[in-house]
Amino acid sequence: MEKIRWGILGPGAIAHKFVQALLTLEDAQIKAVGSRDIHRSQEFAKTYGIPKAYGSYEELVRDDQVDIIYIATPHSAHKENMLLCLNAGKAVLCEKSFTINADEAREVIRLAREKKLFLMEAMWTRFLPAIKKVREWLEQGFIGDIHLLKADFGISKGGGPHNRLVDPALGGGALLDVGIYPVSFASMIFGKQPETIKSLVHLGPTGVDEQSTILFGYEQGRMASLCSAIETELVNDAWIYGTQGYIHIPDFFYAKKAKLCLRDGRIEEFGPEFESTGYQYEAMEAMDCLRNGALESSIISLDETVAIMETMDKLRAQWNLKYPMEK
Ligand SMILES: NC(=O)c1ccc[n+]([C@@H]2O[C@H](COP(=O)([O-])OP(=O)(O)OC[C@H]3O[C@@H](n4cnc5c(N)ncnc54)[C@H](OP(=O)(O)O)[C@@H]3O)[C@@H](O)[C@H]2O)c1
């Protein structure tokens with residue numbers, strides 16, 4: 001099978017986990033890594049046996065041995081990094097949140113479409129085998145009409161006041177970092193954005209959202225109840241309730257298991273644990289798309305990525321939360 005050649009842009013915490021997963025795929029080759037600091041890229045390259053290390057993102061995108069670039073920088077840098085890659089003719093897989101807001105997302109997507117280059121938000125949860133199984137259960141109608149979704153993602157960030165999670169200049173706050181998971185999950189389950197959005201937020205000392213409770217309303221009384229936090233560790237499960245039963249997904253954002261419980265007493269459990277760090281599944285989707293000439297994924301389309309950003313923009317508008325680059 002034709003090997004897909006990857007470049008890594010921004011060798012931070014998540015890039016390590018992504019590369020560990022990529023190394024398990026026989027049809028993937030990691031050709032180069034780029035950092036703003038040559039020492040960091042050299043160290044990263046040495047750790048994973050990557051042949052090329054660059055001291056700038058500009059040099060990385062000029063490497064003609066690279067087909068697709070994985071962007072793992074803070075949210076605030078995504079737009080600029082994606083434009084750089086696309087203008088150099090590279091396909092892109094970019095970490096969530098895709099951008100700071102929907103306007104930025106639209107700008108990047110416009111360029112990808114103009115240049116006919118593959119682009120995808122790295123919403124890795126969507127591609128996990130357990131979540132694929134949940135989509136199958138829903139498509140088969142096992143739980144009947146979906147009435148209610150409950151999903152939370154809360155962590156206790158640690159790391160003091162200099163953590164990127166609380167830095168407004170880097171797009172900090174719970175929503176863009178962890179809240180995006182339940183928001184995106186609701187989008188996947190209901191197949192649309194909510195008609196009604198209500199929320200409560202607590203802003204921390206740096207002005208970003210420390211925690212929030214979010215209620216989404218859809219037609220015919222359907223609703224979602226979601227929590228997001230960076231100073232409170234939550235039980236990060238998702239529950240999808242329907243007229244004929246429910247689905248429970250423990251730790252849904254890195255789901256290894258899912259359980260289907262029907263009103264007639266039938267129970268089905270899906271539980272083969274995934275290998276490595278789990279990020280290989282989104283990489284496999286990106287590589288399948290590249291081989292098939294698809295410019296976007298059907299599991300998370302670019303229009304859906306924009307729609308999710310719009311929903312998060314509406315939430316931040318309710319909170320009067322603007323980032324410095326938006327003022
Ligand atoms: N999918 C997931 O499960 C998951 C988990 C965690 C994070 N993420 C996402 O991945 C992205 C990166 O998160 P992370 O936790 O890996 O962050 P991180 O450890 O801080 O790493 C980010 C990297 O981006 C580069 N960078 C570029 N501009 C920067 C700036 N202005 N300030 C700081 N670093 C900058 C740095 O690399 P150089 O300076 O060496 O170039 C740094 O190593 C975020 O968008 C986050 O939401 C996803």
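## Packing of helices H4 and H5

In this predicted model, helix H4 (residues 75-87) packs with helix H5 (residues 102-115) at an angle of about 5 degrees, and the axes of the two helices are 10 Å apart. H4 is therefore roughly parallel to H5, since angles under 35 degrees are counted in that way. On the H4 side the contact is made by Lys-79, Met-82, Leu-83, Leu-86 and Asn-87, while H5 contributes Glu-104, Glu-107, Val-108, Leu-111, Ala-112 and Lys-115.

Leaving aside residues up to four places away in sequence, Asn-87 touches Leu-111 and Lys-115, both of which are listed among the H5 residues of the contact. A quite separate value relates Asn-87 to Gln-140: the two are 53 residues apart along the chain, and their C-alpha atoms are separated by 42 Å.

The domain assignment of the chain gives domain 1 (4-123) and domain 2 (129-273). The centres of domain 1 and domain 2, taken over C-alpha atoms, are separated by 27 Å. Where the domains meet, nine residues of domain 1 are in contact with nine residues of domain 2.

The largest nonpolar core has 113 residues, and those with the most contacts inside it are Trp-6, Ile-8, Leu-149, Phe-185, Phe-216, Ile-240 and Ile-249. Helix H7 (residues 174-190) gives the most to this core, with 12 residues. Because domain 1 (4-123) and domain 2 (129-273) both give residues to the core, it lies between them.

## The loop around Asp-145

Asp-145 is placed in the loop between helix H6 (129-139) and strand S7 (146-154). With a relative accessibility of 46%, Asp-145 counts as partly exposed, a class that runs between the cut-offs of 20% for buried and 50% for exposed.

When residues up to four places away in sequence are not counted, Asp-145 touches Tyr-241, Gly-242 and Thr-243. For the pair Asp-145 and Tyr-241, a sequence separation of 96 residues goes together with a C-alpha to C-alpha distance of 8.5 Å.

## Backbone geometry to check

Most residues other than glycine have a negative phi, and most peptide bonds are trans. Against that background, several places in the chain deserve a look in the structure. The peptide bond from Lys-96 to Ser-97 is cis, with omega near -15 degrees, and Ser-97 is found in the loop between strand S5 (91-95) and H5, the helix that packs with H4.

Ser-276, although not a glycine, has a positive phi of about 55 degrees. Ser-276 belongs to the loop between strand S14 (267-270) and helix H8 (280-292), and its relative accessibility of 37% makes it partly exposed. Asn-320 likewise has a positive phi, near 55 degrees, in a residue other than glycine. Asn-320 lies in the segment after helix H9 (302-318) and is exposed, with a relative accessible area of 71%, whereas Ser-276 counts as partly exposed.

Definitions and conventions
Residues are numbered from 1 along each chain as its sequence is written. This is a predicted model: local features need pLDDT of at least 70, side-chain atom pairs count only at pLDDT 80 or more; totals for chains, interfaces and linings use all residues. Side-chain values use heavy atoms; hydrogens and water are left out. Axes are lines fitted to C-alpha atoms, for helices over the stretch in contact, and angles run from 0 to 180 degrees between N-to-C directions. Helices (H or I, at least four residues) and strands (E, at least two) are DSSP runs, numbered from the N terminus. Angles under 35 degrees count as roughly parallel, over 145 as roughly antiparallel, 65 to 115 as roughly perpendicular and the rest as oblique. Contact means heavy atoms within 4.5 Å. A nonpolar core is a set of buried Ala, Val, Leu, Ile, Met, Phe, Trp, Tyr and Cys residues joined through side-chain atoms within 4.5 Å. Buried means under 20% relative accessible area, exposed over 50%, partly exposed in between (1.4 Å probe, protein chains only). Domain bounds come from an automatic or database domain assignment.
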